[in-house]
Number of protein chains: 4
Amino acid sequence: MLEALKKQVYEANMLLPKYGLVTFTWGNVSGIDRKEGLIVIKPSGVEYDKLTPDNMVVLDLKGNKVEAGYNPSSDAATHLELYNRFSNIGGIVHTHSSWATSWAQAGRGIPCYGTTHADYLYGQVPCVRNLTPEEIEEGYERNTGVLITDYFQGQKLDYEAMPAVLCKNHGPFTWGKAPFEAVHNAVVLEEVAKMAARCEQINPQAAMAPQSLQDKHYYRKHGVNAYYGQQKR
Amino acid sequence: MLEALKKQVYEANMLLPKYGLVTFTWGNVSGIDRKEGLIVIKPSGVEYDKLTPDNMVVLDLKGNKVEAGYNPSSDAATHLELYNRFSNIGGIVHTHSSWATSWAQAGRGIPCYGTTHADYLYGQVPCVRNLTPEEIEEGYERNTGVLITDYFQGQKLDYEAMPAVLCKNHGPFTWGKAPFEAVHNAVVLEEVAKMAARCEQINPQAAMAPQSLQDKHYYRKHGVNAYYGQQKR
Amino acid sequence: MLEALKKQVYEANMLLPKYGLVTFTWGNVSGIDRKEGLIVIKPSGVEYDKLTPDNMVVLDLKGNKVEAGYNPSSDAATHLELYNRFSNIGGIVHTHSSWATSWAQAGRGIPCYGTTHADYLYGQVPCVRNLTPEEIEEGYERNTGVLITDYFQGQKLDYEAMPAVLCKNHGPFTWGKAPFEAVHNAVVLEEVAKMAARCEQINPQAAMAPQSLQDKHYYRKHGVNAYYGQQKR
Amino acid sequence: MLEALKKQVYEANMLLPKYGLVTFTWGNVSGIDRKEGLIVIKPSGVEYDKLTPDNMVVLDLKGNKVEAGYNPSSDAATHLELYNRFSNIGGIVHTHSSWATSWAQAGRGIPCYGTTHADYLYGQVPCVRNLTPEEIEEGYERNTGVLITDYFQGQKLDYEAMPAVLCKNHGPFTWGKAPFEAVHNAVVLEEVAKMAARCEQINPQAAMAPQSLQDKHYYRKHGVNAYYGQQKR
């Protein structure tokens with residue numbers, strides 16, 4: 001079942017080592033078929049060179065396995081919560097990519113220092129707080145998703161304009177319209193995280209990019225007036 | 001038309017991923033045929049592994065497409081302005097290469113800390129200010145070129161001796177007599193940007209290289225008394 | 001003799017350059033056959049591309065060579081001491097991997113800043129003191145092992161939950177149930193060392209991950225209630 | 001002439017890009033035949049993928065070309081001065097390798113923070129001063145060699161125990177008994193430079209490795225009591 005989505009999720013997973021975003025098995029990509037109400041996700045702890053489209057795991061929206069086979073990623077409950085609350089997304093990525101994770105460990109959001117950031121991520125990439133011991137105990141992975149989505153709602157952040165978040169002392173999640181776009185955003189986030197750290201090293205008083213420049217670059221690539229690329233409108 | 005220049009611009013574009021200067025499509029190279037008054041530039045948003053000499057875009061000096069085909073790089077208007085004002089250059093490169101972009105985000109020019117820098121870039125690499133909201137609104141890409149060329153003119157900088165600039169909160173542009181030389185300068189800039197940042201980390205009081213050393217190295221490679229390499233004079 | 005273990009130790013040694021943990025010959029892996037009371041270790045100073053399973057060196061637990069052939073790694077006496085005192089380990093790795101060695105040179109243990117660390121290393125990675133001139137003179141390599149194991153005993157550290165140590169001004173040792181697991185832990189340590197340094201650069205006041213989060217991640221992967229991966233219990 | 005040495009020098013030059021020590025043509029290796037009183041050195045400005053054993057350049061000890069062919073490296077006069085004054089060396093390397101050059105730009109010698117350093121370089125790697133404008137004018141490349149060798153003599157440094165130097169605002173030179181050993185030392189220097197910078201970042205108060213530890217590691221690999229590797233004595 002869901003052969004096309006399994007292939008897509010498999011290929012998106014394989015991009016993580018290609019782009020240097022994962023060591024060992026420290027990452028996972030999922031995709032959703034919203035019509036069927038099913039998600040496809042990487043199996044837990046299986047090495048990337050052992051992955052095939054066939055061993056991707058299918059779950060319903062409550063997290064039940066709907067086929068015999070591997071256990072899903074241990075982070076599946078976070079993915080499910082994000083799919084449930086961010087209704088327009090089609091793919092999710094979690095990694096421990098080095099620079100983004102370093103910001104998460106530092107407990108800081110990533111300021112928008114330039115156009116590379118503004119091209120894809122509108123504003124500061126947020127860093128959500130630690131879960132409480134009670135929240136961890138009650139359901140660590142699901143509550144990670146609750147924390148992220150509550151934060152976006154509370155801060156009135158548009159998850160389509162800010163398709164990335166850092167979880168404090170943990171690492172990043174990114175998403176997009178499809179699994180490939182979620183991986184694209186994971187690569188952007190890592191590059192942006194690296195350059196922001198170096199920017200602050202070079203100038204500890206560095207200021208964020210002016211709003212007018214951020215707007216120009218974001219809307220050059222997104223929305224009805226976008227003119228980057230070959231798209232027709 | 002312009003088959004030889006298209007091939008040259010294509011090959012110069014392909015050097016950007018080879019030298020690790022671009023992620024995804026974040027860079028572009030152009031070249032100019034000054035006799036014909038035409039430039040050749042990378043198409044906008046097309047991935048490097050999809051590029052061919054044939055899909056390079058030909059523009060006249062006002063930016064009009066002179067052949068059917070792809071849209072040009074969204075930065076074409078900046079290239080055009082540089083070609084119009086820097087009359088001896090034959091190629092231009094724009095990237096978001098990591099270290100040079102980090103300096104641009106930090107809003108600092110790159111001091112000349114050593115001979116690697118002095119061999120190719122005479123003096124501090126300048127970092128030009130942000131455009132105003134009005135300048136962005138009026139014509140972001142063209143005004144980027146106006147800002148750069150006005151800055152060189154105002155500071156009496158020799159664009160042939162300083163074939164590089166940083167745009168604040170954005171990234172670098174480099175140029176040269178031909179597209180390959182512009183790419184060469186983009187690689188030099190990235191290497192120099194990396195070593196300058198590390199130099200300041202190792203010694204926050206580091207001073208610029210003495211002028212006599214800068215002169216020695218620059219003129220060992222440039223001008224009538226150059227003796228580096230195999231060239232005959 | 002010990003063909004299977006020699007092959008395992010050989011393959012584990014070859015993973016060190018694959019994972020970028022060694023320059024030249026600066027690392028070694030060993031394994032133990034506890035029933036036979038014999039260890040297998042890399043020969044001293046032999047380049048990785050010259051290694052074969054056959055030139056691995058077999059030692060008894062007093063360090064005597066039990067076959068003709070190469071000299072063992074000069075660090076063999078450290079390995080022996082660790083095997084003697086850490087009775088459940090089956091493999092040991094020593095490298096001069098860049099980030100872990102930088103922490104060792106800095107004389108600091110590596111704080112647990114996040115879940116990447118907590119997934120495999122329970123608590124702060126310890127950094128043991130320098131040997132005294134007398135200890136060096138008396139038996140540098142053996143006393144390195146004595147220092148490490150005494151430290152774990154004195155601090156009541158569980159060597160199975162903390163399979164890594166830094167030796168001040170020297171570098172890391174890691175271990176595991178088997179040679180491959182010891183290499184896995186060496187890779188984890190290097191990645192964790194890198195991210196901890198960057199974390200402190202990004203936020204000099206960064207705090208360790210909350211204990212509840214460390215526990216969650218460590219026990220998600222270890223012990224009777226682990227649920228990461230495909231293992232059956 | 002000197003076919004064997006040309007081949008050796010060629011192969012040693014080709015190791016520079018292999019080990020990531022050079023960008024473009026920014027490095028050179030030479031070797032000496034002391035019986036013949038001739039040196040072999042890389043041609044100036046020739047790209048590494050164009051090098052062959054045949055285009056290596058032969059010079060006498062006064063720097064005269066003794067065969068038709070390419071111009072020698074512009075740094076040949078520095079090499080000659082080092083060969084003249086350091087009578088036991090057989091090979092020299094100059095690069096602009098990134099970390100070593102960053103220390104040179106910072107104007108600091110590299111403290112011995114650990115055993116990786118002590119294994120090959122006995123004590124702090126020195127950083128010599130800038131040449132004066134008069135010294136540059138009078139003979140830049142030769143006077144670079146004079147400065148280095150005078151410094152070693154004045155400081156009573158043993159060039160065999162410290163086969164490396166940094167030239168302020170320029171970059172490193174290393175040497176050894178043969179071209180390959182000189183390259184080996186260039187790789188060691190780069191690795192040590194990287195780890196020393198990171199060490200200071202992790203602990204700005206980091207202290208040098210104790211002398212007893214430095215001695216132990218240096219003499220474990222060098223001199224009559226060495227026991228590292230497979231050598232017989």
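Let's start where chain A meets chain B: the contact, meaning heavy atoms within 4.5 Å, takes 34 residues from chain A and 33 residues from chain B. Please keep in mind that this is a predicted model, in which local features need pLDDT of at least 70 and side-chain atom pairs count only at pLDDT 80 or more, while totals for chains, interfaces and linings use all residues. Residues are numbered from 1 along each chain as its sequence is written, chains are lettered from A and ligands numbered from 1 in the order in which they are written, and side-chain values use heavy atoms, with hydrogens and water left out.

Back to chain A and chain B. The area buried between them is about 2800 Å², and carbon and sulfur atoms give 54% of that. Buried area here is the accessible area, with a 1.4 Å probe, that two parts lose on being put together, summed over both.

How many salt bridges are there between chain A and chain B? The count is two, taking a salt bridge as a side-chain nitrogen of Lys or Arg within 4 Å of a carboxyl oxygen of Asp or Glu. Arg220(A) pairs with Glu141(B) in this way, and the closest N and O atoms are 2.7 Å apart.

Which elements of chain A give two or more residues to the side that touches chain B? They are α4 (115-118), α6 (179-202) and α7 (211-221) of chain A. Helices (H or I, at least four residues) and strands (E, at least two) are DSSP runs, numbered from the N terminus. The largest share, 11 residues, comes from α6(A).

Now the contact between chain B and chain D. It takes 34 residues from chain B and 33 residues from chain D, with a buried area of about 2800 Å². The rule finds two salt bridges here. In one, Glu141(D) meets Arg220(B), with the closest N and O atoms 2.8 Å apart. On the side of chain B that touches chain D, α6(B) gives the largest share, 11 residues.

And the chains that stay apart? Chain B and chain C do not touch, their nearest C-alpha atoms being 11 Å apart. Chain A and chain D do not touch either, and their nearest C-alpha atoms are 11 Å apart.

Finally, the fold inside chain B. Seven strands form an open sheet in the order β3-β2-β1-β4-β7-β6-β5 (chain B), with mixed pairing; two strands pair if DSSP finds at least two bridges between them. At the edges stand β3 (57-60) and β5 (127-128) of chain B, each with a single partner strand, so one side of each has no neighbour in the sheet.

Further in, β4 (residues 91-95) and β7 (residues 171-176) of chain B run antiparallel, joined by four bridges. Val93(B) stands opposite Thr174(B) in β7(B). Helix α1 (residues 3-18) of chain B lies across β1 (27-33), β2 (38-41), β3 and β4 of chain B, at about 155° to β1(B). The axes are lines fitted to C-alpha atoms, for helices over the stretch in contact, and angles run from 0 to 180 degrees between N-to-C directions.
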